[in-house]
Amino acid sequence: QVQLVESGGGLVQAGGSLRLSCAASGRTFSSYVMGWFRQAPGKKREFVASISRSGASTSYADSVKGRFTISRDNAKNTVNLQMNSLKPEDTAVYYCTVDTGSGRWDAWGQGTQVTVSS
């Protein structure tokens, strides 16, 4: 099973930026669709962004479109989430996830906390 480890979370003021990274195990990273989800206290986990195997295609939740950018480096087995113009409502635990070809999100990282103060 693919192992995912997120990093880069922290505390930031509203309007600030953070960059999350996710390192994945496995020798076929370039064959995986990668994604980010988040879960705020008391709320369900929600989709944030995803990126295709080559990185040519991306998808975003409406709530983050224009502020967040997902990218990947297949040579380094990493996927990143650049978050700009952060809002207090972006506060959540952010999870990296992977679709190894099943059409479902197969594995999850442990999550990284992002807190945006007003």
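Where does Ser 85 lie? Ser 85 sits in the loop between β8 and β9, and I'll come back to that residue at the end.

Okay, hi everyone. First, some ground rules. What we have here is a predicted model, where local features need pLDDT of at least 70 and side-chain atom pairs count only at pLDDT 80 or more, while totals for chains, interfaces and linings use all residues. Residues are numbered from 1 along each chain as its sequence is written, and side-chain values use heavy atoms, with hydrogens and water left out. When I say strand, I mean a DSSP run of E, at least two residues, while helices are runs of H or I, at least four residues, and the numbering goes from the N terminus.

Let's start with the sheet. Four strands form an open sheet in the order β1-β3-β8-β7, and the pairing is antiparallel. Pairing here means that DSSP finds at least two bridges between two strands. At the edges are β1 (4-7) and β7, each pairing on one side only. From one strand to the next, the twist averages 15°; that uses axes, lines fitted to C-alpha atoms (for helices, over the stretch in contact), with angles from 0 to 180 degrees between N-to-C directions.

Now zoom in on β7, residues 68-73. Its covered face carries Phe 68, Ile 70 and Arg 72, and its uncovered face has Thr 69, Ser 71 and Asp 73. Between β7 and β8 (residues 78-83), which run antiparallel, there are 6 bridges. Over in β8, Met 83 is the bridge partner of Phe 68, and Asn 80 is opposite Ser 71.

What about the turn? The hairpin of β7 and β8 has 4 residues between the strands, and Asn 77 is in that loop. Asn 77 is buried, at 16% relative accessible area; buried means under 20%, exposed over 50%, and partly exposed in between, with a 1.4 Å probe and protein chains only. Its side chain reaches the backbone oxygen of Gly 26 at 2.8 Å. Asn 77 also touches residues including Cys 22, Ala 23 and Phe 29, leaving aside anything up to four places away in sequence; contact means heavy atoms within 4.5 Å.

The structure holds 1, joining Cys 22 to Cys 96 with an S to S distance of 2.1 Å. That pair links distant parts of the chain: Cys 22 is in β3 (residues 18-24) and Cys 96 in β9 (residues 92-99), 74 residues apart. Both cysteines are buried, and the link is left-handed, with -80° about the S-S bond.

Last, backbone angles. Most residues other than glycine have a negative phi. Asn 77 has a positive one, near 55°. And Ser 85, as promised, has a positive phi of about 50° although it is not a glycine. Ser 85 is partly exposed, with a relative accessible area of 41%. Thanks, everyone!

Conventions. A disulfide is a pair of cysteine sulfur atoms within 2.5 Å. A polar contact is a pair of N or O atoms within 3.5 Å; within protein, one must be able to donate a hydrogen and the other to accept it, and residues adjacent in sequence count only if both atoms are side-chain atoms.
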